[in-house]
Amino acid sequence: MWYELSKEFIYNVIGLQGKLADASHFFIYDTIKIWFLLITIIFAISFLRTWVNTEYVRAHLQGKSSFYGHIGASLFGIITPFCSCSAIPLFLGFIQARIPIGVTFSYLISAPMNNEIAIAMLFGIFGWKVTSIYIAFGLTVAIFGGWLIGKLNMEKEILMDVKAIEGELEATLVKLSFQERAKEAWNYTLDIFKKIYIYVMIGVGVGAWIHGYIPTDFIASYTGAGNPFAVIIAVLMGIPMYSNAAGVMPLVEVLTSKGMLLGTALSFMMAVTALSLPEALILKKIISLKLIGIFFAIVGSGIIAIGYLFNIIL
Amino acid sequence: MKIEVLGTGCSKCIQLEAVVKQAVAKSGKFAQIQKVDDIMKIMEYQVVSTPGLVIDGKVVSTGKVLSVDEVLALING
């Protein structure tokens, strides 16, 4: 409905023609659609999150089996907020509660990868199928990546001495009234939206330009089945783009519509969210460079493997 | 009254500190505001998501920037 309405507006009300009309239509249609979905989805996720905070996750995971720990930590990563700036208290806090280092990494991999902006953007751009695949593969990388790091006995790579706390922490859900939850979720949504709406516009704008002007053959030959290294290049390119997930994803949409393989696109998006340089720099204060290297290598190869696997299956 | 803002220097922690200052000024009460950036002290309060807010030794909020009115309610309550 919105597709026809925006088309009507560009072609008949403003009266544009040809490629320019095509690109403008795409721009208006996509920007408004993504804005709308961003607000809806971020609100839904942040509303759910008013029950569960990171302190609850820590208490919940304390003393659980490794099997439950990795899966639980990865699942909680979807719903709890994560900011790379609180990576240190989180990491040390988990250690303090005697949660195994591997389980902590499962959470540290899952939380940024399954953040609300990435999920909302994916849903808005690619629909629920690709979003579910992204989340499922993201959880797989988090569960197995964390499990593998746990197997490597990395406890000595933590540079800070943390005393374990005695006894059990009490896991309590946050108590608020329904209205307070709605208000908190709405404020949070507006806050995030104000930060990213412009990147959505820029991303869609560049995408619209590619959509209207760059020939399909050109993109397909670089990012399609013809380039066997496309997945690896995509992952390497994704690492420095963390803060711009909202602007990068509309571009990926256009690239896939012009022949980029979906596995390559998925790998790229996972690299954007899961491997972040600022987070690595922050973690460097408390864990050794060796462990950070292992962390990046395991997550990176997991993401690359998923990209190739996906390109072969589809 | 002693108010502590827990945070390791992220932008949200600085925002919360500014909010707390405004709220204290608005309340007209006498309160000592302290920014805590020592990670070990933050751990002692059992806070794992910053910024955290502590009033008279009790953790009242974690992981978010409150509004001036919310902090005001906490100071008065």
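In this predicted model, A:Ala118, A:Tyr134, A:Phe137 and A:Gly138 of helix α7(A) meet A:Leu266, A:Met269, A:Met270 and A:Thr273 of α12(A). Contact here requires C-beta atoms, placed from the backbone, that lie within 7 Å, and helices (H or I, at least four residues) and strands (E, at least two) are DSSP runs numbered from the N terminus. The axes of α7(A) and α12(A), the latter covering residues 262–274, come within 11 Å and cross at roughly 90 degrees. Such axes are lines fitted to C-alpha atoms, for helices over the stretch in contact, with angles running from 0 to 180 degrees between N-to-C directions. The two helices α7(A) and α12(A) are therefore roughly perpendicular to each other; angles under 35 degrees count as roughly parallel, over 145 as roughly antiparallel, 65 to 115 as roughly perpendicular and the rest as oblique. By class, the residues joining α7(A) and α12(A) comprise six nonpolar, two polar and no charged. For these classes, Ala, Val, Leu, Ile, Met, Phe, Trp, Tyr, Cys and Pro count as nonpolar, Asp, Glu, Lys and Arg as charged, and the others, Gly among them, as polar.

Residues are numbered from 1 along each chain as its sequence is written, while chains are lettered from A and ligands numbered from 1 in the order in which they are written. Because the model is predicted, local features need pLDDT of at least 70 and side-chain atom pairs count only at pLDDT 80 or more, whereas totals for chains, interfaces and linings use all residues.

Helix α7(A), residues 116–151, also packs against α2(A), residues 18–48, at an angle of about 135 degrees and with the axes 9 Å apart. That angle makes α2(A) oblique to α7(A). On the α2(A) side, the contact is made by A:Lys33, A:Ile34, A:Leu37, A:Leu38, A:Ile41, A:Ile42, A:Ile45 and A:Ser46, and on the α7(A) side by A:Glu116, A:Ile119, A:Ala120, A:Met121, A:Phe123, A:Gly124 and A:Ile125. Eleven nonpolar, two polar and two charged residues make up this contact of α2(A) with α7(A). The crossing of α2(A) and α7(A) is right-handed, meaning that the near helix is turned clockwise from the far one by less than a right angle, with anticlockwise giving left-handed.

A further pair is formed by α8(A), residues 178–213, and α11(A), residues 245–257, whose axes come within 7 Å and cross at roughly 20 degrees. This makes α8(A) roughly parallel to α11(A). Here too the crossing of α8(A) with α11(A) is right-handed. Among the residues that meet are A:Ile196, A:Tyr199 and A:Val200 in α8(A) and A:Ala246, A:Gly247 and A:Val248 in α11(A). The contact of α8(A) with α11(A) divides into 13 nonpolar, four polar and one charged residue.

Along its principal axes, the C-alpha trace of chain A spans about 70 × 50 × 30 Å. Chain B has three helices and four strands, which follow the pattern β-α-β-α-β-β-α along the sequence. The C-alpha atoms of chain B fill a box of roughly 30 × 25 × 15 Å along the principal axes.

Where the two chains meet, the contact takes 14 residues from chain A and 13 residues from chain B. Helices α3 (54–61) and α5 (87–96) of chain A each supply at least two residues of the side of chain A that touches chain B, and α5(A) gives the most, with six residues. The side of chain A that touches chain B holds seven nonpolar, five polar and two charged residues.

Two backbone details are worth a look. The peptide bond from B:Thr50 to B:Pro51 is cis, with omega near 0 degrees, and B:Pro51 sits in the loop between α2 (39–44) and β3 (52–55) of chain B. Phi of A:Arg98 is near 60 degrees, a positive value in a residue other than glycine. A:Arg98 lies in the loop between α5 and α6 (101–113) of chain A.

As for confidence, the model scores ipTM 0.80 and pTM 0.86. Chain A averages a pLDDT of 86 and chain B one of 89, on the predictor's scale of confidence in each residue from 0 to 100. Among the elements of chain A, α9 (residues 216–223) has the lowest mean pLDDT (76) and α4 (residues 66–79) the highest (93).
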